[in-house]
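Student: I'd like to learn how to read a structure like this one, feature by feature. Could you walk me through it?

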Amino acid sequence: MALSPLAHSQTSQVSNTSQTLATGSHESTFTLPDSQRRIEVASYVPEGADAKTPIVFVLTGLKRNAEDYRDAWIDAADEYGFTIVVPRFSKQDYPGVAGYNLGNLVSADGQLNPPEAWSYNVIDGLFSDFERSGQTERQRYYLFGHSAGCQFVHRMLTFSPQSRVQAAICSAAGWWTLPDTDNEWPYGLKGAPVEVDRDAQRQLAGLNLLVTVGAEDTDPWHKYLRRSYQAMAQGNNRVERAWIYYKTAEQKANRYGFDFHWAFQTVPDVGHDNAGIAPFAAEQFAAFERDGAFDVVTPVTPPDSTPQR
């Protein structure tokens, strides 16, 4: 799926009609040729960036506040030399949880949407467009999502494990689609609108994924924390739920003999805060860029999830 740019405009309203992302903070609008939907992108390109600069796609929380998420990554982008791209999925074209978090896999009347309509496939499409325009010569990109953006990311990797992701970091989802067929969709893969077969499960386990959450993201009554029966079965708070997701994947990989390349780490002194997680995530992408692995040690025992007073 290719994307064609409509226009590029700097936040100071200076126009730029080229197909590449200009240096600094910008907002751009792209058209998805297969569906003719438009998608806005907030971006930041550091000074000195070139076609070899790593691209980090950042997925927002439920407010879809792309500029705020972009701004939270600017210092890290300057420090480590990353281009930051934050898509804003419109609530008109990608409404609610179904349209964004759950990938727009099905229409409002319950019919399976074609792959070109899935929100998950927008990311590879943008990256391919950057390739064609000369924005990047790299083969793969980094992927980060926080809260609802983490829900997006882990399901994108589940349903599109062949995506061109070099490494991904998934932070503080309120609830998860566990990578098993014991739990009903959307809390598991049983009855999912798109089958995730054994080969796709193997690919998912083999991806470079860091599951993370703020160590103080332990409020069981957080206003955005889903408390349905199925969500509560995953834990009382985001720390517990992130650990359950990671351990479920690890256990399934061991059961079926999959290579398992995931890691888990909490971020000290951080609650449910994208800006607090961003520096840690950027540091980990820099470590992966340098060493081909995240610089974390996955704990053997569950992290402390005692609510902070």
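Student: Is Gly188 buried or exposed?

Tutor: Gly188 counts as buried, because its relative accessibility is 0%. Next, look at its surroundings: Gly188 touches Thr177, Leu178, Asp180 and Asn183, leaving out residues up to four places away in sequence. Take Thr177 from that list: 11 residues separate it from Gly188 in sequence, while their C-alpha atoms are 4.7 Å apart in space.

Student: How far can I trust the coordinates?

Tutor: Where pLDDT is low, the predicted coordinates should not be read in detail. Here the mean pLDDT of the chain is 91, and 92% of its residues reach 70 or more. Residues 1–18 are the stretch to treat with care, as pLDDT stays under 50 there. The model does have 51 contacts beyond four places in sequence for residues 1–18.

Student: How many disulfides does a search of the whole structure find?

Tutor: The search finds 1 disulfide. It joins Cys150 to Cys170, with an S to S distance of 2.1 Å. The torsion about that S-S bond is about 105°, so the disulfide is right-handed. Cys150 belongs to helix α5 (residues 148–159) and Cys170 to strand β8 (residues 165–171), so the pair ties together parts that are 20 residues apart in sequence. Both Cys150 and Cys170 are buried.

Student: What lies in the loop between α5 and β8?

Tutor: Ser163 has its place there. With a relative accessible area of 6%, Ser163 is buried, because the cut-off is under 20%. Beyond four places in sequence, Ser163 touches Asp124, Arg140, Tyr141 and Met156.

Student: And how should I read a nonpolar core?

Tutor: In soluble globular proteins, nonpolar side chains tend to be buried together. In this model the largest nonpolar core has 59 residues, and Phe57 and Leu143 have the most contacts inside it. A second, separate core of 31 residues includes Tyr142, Phe144, Ile169 and Ala278. As for Leu143, its contacts beyond four places in sequence include Phe57, Ile123, Val153, Met156 and Phe285.

Student: Phe285 is in α9, I think. How do I check a helix?

Tutor: Start with its length. The 18 residues of α9 (residues 274–291) should span 26 Å at 1.5 Å a residue, and the end C-alpha atoms are 25 Å apart, which agrees. Then look at its sides: an α-helix has 3.6 residues a turn, so residues three or four places apart point the same way. The buried residues of α9 include Ile277, Ala281, Gln284, Phe285 and Phe288. Finally, inspect the ends. At the start of α9, a side-chain oxygen of Asp273 comes within 3.1 Å of the backbone nitrogen of Ala275, and just after α9, Gly292 takes a positive phi of about 75°.

Student: Where does Arg226 lie, and what does its side chain contact?

Tutor: Arg226 lies in the loop between β9 (209–214) and α7 (229–232). At 28% relative accessibility, Arg226 counts as partly exposed. Its side chain makes a polar contact with the side chain of Tyr187, at 2.9 Å. Apart from neighbours within four places in sequence, Arg226 is in contact with residues including Val97, Trp175, Met232 and Arg241. For Arg226 and Asp259, 33 residues apart along the chain, the C-alpha separation is 32 Å.

Definitions and conventions:
Residues numbered from 1 in each chain as written. Predicted model: local features only at pLDDT ≥ 70, side-chain atom pairs only at ≥ 80, totals over all residues. Heavy atoms only, no water. Helix = DSSP H or I, 4+ residues; strand = E, 2+ residues; numbered from the N terminus. Expected span 1.5 Å × (residues − 1). Buried < 20%, exposed > 50% of the residue type's maximum accessible area, 1.4 Å probe, protein only. Polar contact = N/O pair within 3.5 Å; in protein donor to acceptor, adjacent residues only side chain to side chain. Core = buried A, V, L, I, M, F, W, Y, C linked by side-chain atoms within 4.5 Å. Contact = heavy atoms within 4.5 Å. Disulfide = S-S within 2.5 Å. pLDDT = per-residue confidence, 0-100.
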